[in-house]
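Hi there,

Here is the structure I promised to pass on. Have a look at it first, and then read on for what I found.

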Amino acid sequence: MGIRSIGLIYLFLVGLTYLWAFRRDAHKAQNAIKTGAASLLNLLPLLVAIFALVGLFQEFLPPEMIESVLGKANRAAALLTGGLVGAISIGPPLASYPIAGSLLSNGAWPPAVAAFIMSWISVGVVTLPFEAGIFSWRFALLRNGLTLGAALFSGLLLGGLL
Amino acid sequence: MSRFGSIIGWIKQQRMLWLVSLIYLWAWMAAPQKASAALHAGLSLFLSVTLLIVAVFALVGLIQVWIGREMIAAVLGREAGFKGLLIAVGCGALLIGPAYVIFPLLMSLRRLGARWAVVAIVLAAYALKPQMLPIEAEFLGLPFTLVRGGLTLLLAIPLGLAVEWFMPEDEL
């Protein structure tokens with residue numbers, strides 16, 4: 001399922017909710033739209049900046065580069081490198097599976113590959129300023145740091161369980 | 001948010017935009033073609049999530065205006081106990097779409113009294129990506145995929161509680 005169709009589904013569901021809201025209390029529903037639009041406008045410059053940054057990373061840090069960095073690492077370093085490279089990578093998880101798959105078939109250590117995927121999906125160094133802008137730097141740094149730790153830990157566990 | 005706070009926030013946002021523009025300027029001087037390709041990639045990504053962003057912010061507005069503090073606090077606050085944390089795992093696991101789109105939604109719940117652990121647990125469990133599991137199994141094998149998914153769900157609550165433990169209590 002593409003990201004556009006996911007967007008359409010969300011929009012459809014929220015639209016239905018608004019339909020219900022307008023029938024319940026039109027004034028309150030209008031207020032909700034105003035509140036939402038105000039938050040969006042407030043965050044728009046930050047969103048634009050982050051997406052521009054994401055584009056920069058995609059262009060200057062292509063998947064082939066990730067593979068060459070991770071592929072050469074030895075076991076102990078591979079785990080840490082896997083987590084760190086996953087953390088700075090940006091893109092849909094769909095893009096991480098083929099990279100991880102080819103790493104595995106090239107003999108990479110499975111825990112390192114697991115750490116790579118986990119931190120790819122849930123640690124975001126590039127989107128960190130955006131996360132901090134919304135929640136606070138303290139939360140953003142804590143969450144990303146601890147999640148990176150959890151990614152390394154579960155990578156090791158996964159290696160033991162398989 | 002106070003007027004002063006929102007002005008400070010606004011300046012911070014502009015600073016980020018400024019910083020990225022500077023990086024682009026540098027990238028453009030170093031490799032103009034790559035820089036314009038990057039700008040293009042960023043723009044098309046932004047356009048692809050526009051609908052999602054509009055939907056999420058419409059929902060943010062609805063939640064802020066409609067749902068009372070008491071209700072959020074009772075379901076996702078401290079008084080909800082362990083059940084609130086389990087709800088967070090379920091919500092996170094079922095969410096689809098990029099995580100950064102979910103941030104404003106979670107913050108609006110937080111402002112209404114959801115605890116920090118709930119915010120962090122949703123973001124942790126969100127890594128399950130149920131809609132992607134078949135594709136993951138295709139590339140990495142079924143055992144790898146199942147164990148990874150299981151660990152993601154199991155670690156979500158400890159991770160969320162750990163984040164919360166380091167967060168100041170009364171800061172809203």
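**Chain A, from fold to contacts**

In chain A, 76% of the contacts with a separation of 6 or more are between residues 24 or more positions apart. Please keep in mind that this is a predicted model.

Chain A is built from 8 helices and 0 strands, so its pattern along the sequence reads α-α-α-α-α-α-α-α. Its radius of gyration is 20 Å, well over the 15 Å that the globule rule gives for 162 residues, so chain A is more spread out than a compact globule. The spans of its C-alpha trace along the principal axes are about 60 × 30 × 30 Å. As for burial, 48% of the 162 residues of chain A count as buried.

**Domains**

How is chain A divided? The assignment gives domain 1 (1-60) and domain 2 (61-162). Their C-alpha centres lie 28 Å apart. Where these two domains of chain A touch, 7 residues of domain 1 are in contact with 8 residues of domain 2. On the domain 1 side, those residues divide into 6 nonpolar, 1 polar and no charged.

Chain B also has two assigned domains, with domain 1 covering 1-48 and domain 2 covering 69-172. In chain B the C-alpha centres of the two domains are 29 Å apart.

**Where the chains meet**

In all, 67 residues of chain A are in contact with 64 residues of chain B. On the side of chain A, the elements that give two or more residues are helix H1 (3-24), H2, helix H5 (93-105), H6, helix H7 (128-135) and helix H8 (137-161). Which of them gives the largest share of the side of chain A that touches chain B? It is H2(A), with 22 residues. Sorted by class, this side of chain A has 46 nonpolar, 15 polar and 6 charged residues.

**The nonpolar core**

The largest nonpolar core has 103 residues, and B:Ile121 and B:Ala124 are the ones with the most contacts inside it. Helix H2 (residues 26-60) of chain A supplies the largest share of this core, 12 residues.

Beyond its neighbours within four places in sequence, B:Ala124 is in contact with A:Ser122 and A:Thr147 from chain A, and with B:Gly92, B:Leu155, B:Ala156, B:Leu159 and B:Gly160 from chain B. As general background, nonpolar side chains tend to be buried together in soluble globular proteins.

Which residues of H3(B) are buried? They include B:Leu52, B:Ile53, B:Ala55, B:Val56, B:Phe57, B:Ala58, B:Leu59, B:Val60, B:Gly61 and B:Leu62. The cover over the buried residues of H3(B) includes H1 and H2 of chain A, along with helix H6 (99-111) of chain B.

Notes: Residues numbered from 1 in each chain as written. Chains lettered and ligands numbered in written order. Predicted model: local features only at pLDDT ≥ 70, side-chain atom pairs only at ≥ 80, totals over all residues. Domains from an automatic or database assignment. Core = buried A, V, L, I, M, F, W, Y, C linked by C-beta atoms within 7 Å. Buried ≥ 20, exposed ≤ 12 C-beta atoms within 10 Å, placed from the backbone. Helix = DSSP H or I, 4+ residues; strand = E, 2+ residues; numbered from the N terminus. Nonpolar A, V, L, I, M, F, W, Y, C, P; charged D, E, K, R; others polar. Rg over C-alpha atoms; globule rule 2.2 N^0.38 Å.
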